Amino acid sequence: MREDSLSRNIDWVTILFYLTFIIAGWLNIFAVVYNPDPEVQQNIFDLSLNSGKQLLWIGSAFILILMIFAVDIKFYSAFAYVLYGIIILVVIATIFIGLEINGSHSWIGVGSFRVQPAEFAKLFTALALSRFLGDVNANLKKRNTRLVVAGILILPCLFILLQNETGGVLVFSAFILVLFREGLSPWILIIGVASIAIFILTLMLDKYNLSIGLLILAGVAIIIRIITVRKIIFRSIMINSATVIAIAILCIGIVFSVDFAINKVLKDHQRKRIMVLVNPELDKKKEGYQINQSKVAIGSGGFFGQGFLQGTQTKFDFVPEQSTDFIFCTIGEEHGWIGSTFLIILYIMFLVRIINLAERQKEKFARIYGYCVASIIFFHFMVNIGMTIGVFPIIGIPLPFFSYGGSSLWSFTILLFIFLKMDAHRKQVLAH
Amino acid sequence: MRDERKLVIQIIFILIGFIYIVRLFFLQVVEDKYKEEAEKNATRKIIEYPYRGLLYDRHNKPLVINQIVIDLMVVMKEMKVPDTTQFCNAFNISKEEFIDIIKKVKQEKGYNKNRPVPIIKQLSIEDFGKGLDVLADCNGFYRQERTIRSYPDQSAANALGYIGEISKPQLEKSTEGYYEQGDLVGISGLESSYEKYLRGKKGVRYIMKDVHGVVKGPYRGGDQDIISEPGENLFTTIDLELQKYGEEMMKNKIGSVVAIEPSTGEILAFISAPTYNPNALTGRYFSKNYDSLQKNPMKPLFNRPLMAMYPPGSIFKLAQALVGQQMGVLRPSTIYSCNQQAVGVKCHPHPSPNDLKGSIQWSCNPYYFTVFKTIIHKNRNTNKYRESELNYDDWRKHMATFGFGQKLKIDMPNMKSGHLPTNAYYDKIYGDLSWKHSTIRSLDIGQGELLIVPVQMANLAATVANKGYYYTPHFVKRIGEGKNARILKEYTQKHYTSIDSSFFQVIIEGMFMVVEHGTAYFDKIPGIEICGKTGTAQNPHGDDHSVFISFAPKTNPKIAIAVYVENGGFGAVTAAPIANLMIEKYLTDTTSAMSRWMKKVVTEKDLLTKNKKLYK
């Protein structure tokens, strides 16, 4: 009876999205390893290929889903802090016992089985954040609440940073969307977007020209204000002008600090990754190689794409890390603009649906968690595809459900299905 | 307010999605440079070189064939040689050479350890076979076959020509866009003139390669590939046996032999002496050998039958006799005595006086002095100079119809026209109306400003044999085989001289007497009616050049020949025996004891050593 009601309340549409994504991802992973030589008979199920291994990860993800549904719904809120604590300890341990891969100590593993604890950190942080904000007494307008939220978010970031995994830390900025929904001032969002705009302008333009430009802009704004104002009140004009000039000076301050940060604080390879973004021709052979090859692969897809298993850039290893972080190149090359657009629309529909599901939750905890799920997946989607088409710097984060790899598939599956479990029980909660 | 915020977040999602879709539209649909770069990344264009056409002699014996050679290739990344000593022994190189080769290969531009590179080039199949056992134990080695030109009989080098990499100026000159740098092209001889037919059509193959340059099979299943078409075979007019026979006699001499079939204009033999081994200009020693041939003072690469301009000497008397008759100043019965003192011309002892036939038989110089004088001063009722000018112009027009002073449209490049002086030429030297017969009298016996190339001499013999016409001498009977076989129309056309055919009989009788009982009496071949004419051309460098033209048999001639031997002395001494022996060889294919002795004598005549000091 209870099973019955569970299956009736599960959001099968979201599960359909999920299945579509992982199967499409699996096929594209096969396309990457595919060898066109007719003498090499390849099987998508071959366990020595990435596609075969991914199938194992998918199978184990299904087992995880069953486990998530089997666990009592109260477990997730009850153990939110405990799980958060455990993952923090594991992340700390990884700093010391982790395997060193590409200069970062972010993997732990036995033999060929390896996981990246940071992948799971965002998941349990999401649970802990939802638990804390879900409390009736929590209010983002209160200073205490804000401090604790900051603490919950910054703690894992600190340790992940120590692992040398910058990309993993940036994911935590996704939580701003959650906080915005829960009452944080929209100014944080606006200032964030404005900072990014100024940041990019700083990269593209000379800092002095940019400063003069900002001052002229401020002057124009003041003059327009004086002309358009109906009744000239000296005092109010002074206050308005002072505010505008203060903002302009603040922006100039940001320009100079960004410039300083890029040239003095960032490591050489990080600076180059940012610089190739605004100028892809800068360094086609070395730092710019990956982003250039990625754009070449996607660009070669044209309108309709080369066809499944027909992409030359995909098959012949022109794009490094193609089955993991750069899986979108395969889609772009083999399925063209049509295929990419279809995927993006599907993904956006999926994210919009999660938001809608979150809003229908009666319990605050479940709603906040739903927003966490949507925000985290959205951030990965935005940055991952953005870096393949050259609008974001290359930070190694996967495309959820598509990229090859167990850690990411597992963590996103758990992330999503805990929420679907909550959603399936939304009516029971009311029955309390 | 909460609903608003939900909407804001959803709009942010949609906005980002929209921006990406637009961005992708520019990247994938609008911009073309990524597609080009992708193609450049993953495909490689491979030119498939066609099989070049072969050349055969008139009896379908191969003159030029393609020989398969093997380049031993290695992929450095995979290379494993368990026993270097054994390897080096198998391929007949020293260990140091082997190390040196590997070092050089690695320094080459565009070297890639994943891609096969040649380490030992152009091994013969036999040599490669010797190394097979050793290669079985090694790793990373591949073979690449290619073909080079090969000349089984090492004969007719200058006629056949050679192929080599296309030169920069040639590449720029070629407008059809067929050639690319590094392509092989016919550079001289028939290889050059029939390049268009021999080369075939290049093919193109597109293959895929991965990021390391490793080949990954055909691109798009080979849909865009173009299969190469082999070149067409040439069936030449050369008689290989005759060619070799003549070459043997000419080997230690400088000069030319050209034999033509008068009834068709087909060139039967084409000898430029000294010659070279055509196999020297194939394959990997091309440039080294080319350099040494180029520096050789004997100029073996100089295509003498077409390019060496010689004074013809007394063989020109035949043309004089014909033009004299045509101009009405000479008849078969015209008799002049060999009056050397009176005309101031030297001659050799012979019966005198002579009629026209006798003048040819004994090659009487004063006779032709008088003939030419009567031609030039044929009465025109004007002054002597005006008369000379008008008559010389007539004379020259007649001479030009024999092909003198012009390039015959022979199917071989770089023919020289020789020199048949024009009125303007003499005007320039002596002034307008300031020259007469006594000024240009050396022309009477084929000396002076007159220059003729050996092919024109052979053509003269063929024209006399045909009694007044010739076919343009040519080398190719047929292009291609089976259904596609073609002949070139321009070589089936008769070219008439301006001389009535009735004037030829007496000349032919005279030529017959030259060999029967005249200046070339010693070179007579029993049983064959040969008509010939000796020539002994003076030159400022050394001994006289020995000249002889002839045709045979007297009725229905099958072969006309011209032999020119530099510094060979009297025409009957060197040139005539070579010509007549070749006629015998061609017509009978048997040789008498007498001819074998004659051949031995003429073959052993080493003019190169004798005249060594001339070629320094």
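Modeller: Let's begin with contact: two residues are in contact if their C-beta atoms, placed from the backbone, lie within 7 Å. A word on the source too: this is a predicted model, where local features need pLDDT of at least 70, side-chain atom pairs count only at pLDDT 80 or more, and totals for chains, interfaces and linings use all residues. Residues are numbered from 1 along each chain as its sequence is written, while chains are lettered from A and ligands numbered from 1 in the order in which they are written.

Biologist: How many residues of chain A are in contact with chain B?

Modeller: 36 residues of chain A are in contact with 29 residues of chain B. On the chain A side, α9, α14, α15, α16 and α17 each supply at least two residues. Helices here are DSSP runs (H or I, at least four residues), as strands are (E, at least two), numbered from the N terminus. The biggest giver is α16(A), with 12 residues.

Biologist: And what classes of residue make up that side of chain A?

Modeller: Ala, Val, Leu, Ile, Met, Phe, Trp, Tyr, Cys and Pro count as nonpolar, Asp, Glu, Lys and Arg as charged, and the others, Gly among them, as polar. By that scheme, the side of chain A touching chain B has 21 nonpolar, 10 polar and five charged residues.

Biologist: Let's look at one helix. Where is the kink in α7(A)?

Modeller: You take the angle between axes fitted to the seven residues ending at a position and the seven starting there. In α7(A), a kink of about 25° lies at A:I154, shortly before the proline A:P156. Just after the helix, A:N164 takes a positive phi of about 75°.

Biologist: Which residues of α7(A) are buried?

Modeller: Count the other C-beta atoms (placed from the backbone) within 10 Å of a residue's own: 20 or more is buried, 12 or fewer is exposed, and in between is partly exposed. A:V149, A:P156, A:F159 and A:I160 are buried in α7(A). Their cover includes α5, α6, α8 and α9 of chain A.

Biologist: Is A:R271 buried or partly exposed?

Modeller: A:R271, found in helix α13 of chain A, is partly exposed because 17 other C-beta atoms lie within 10 Å. Not counting residues up to four places away in sequence, A:R271 touches A:I262 and A:L266.

Biologist: How much of chain B is buried?

Modeller: Buried residues make up 41% of the 616 residues in chain B, a chain with 24 helices and 18 strands.
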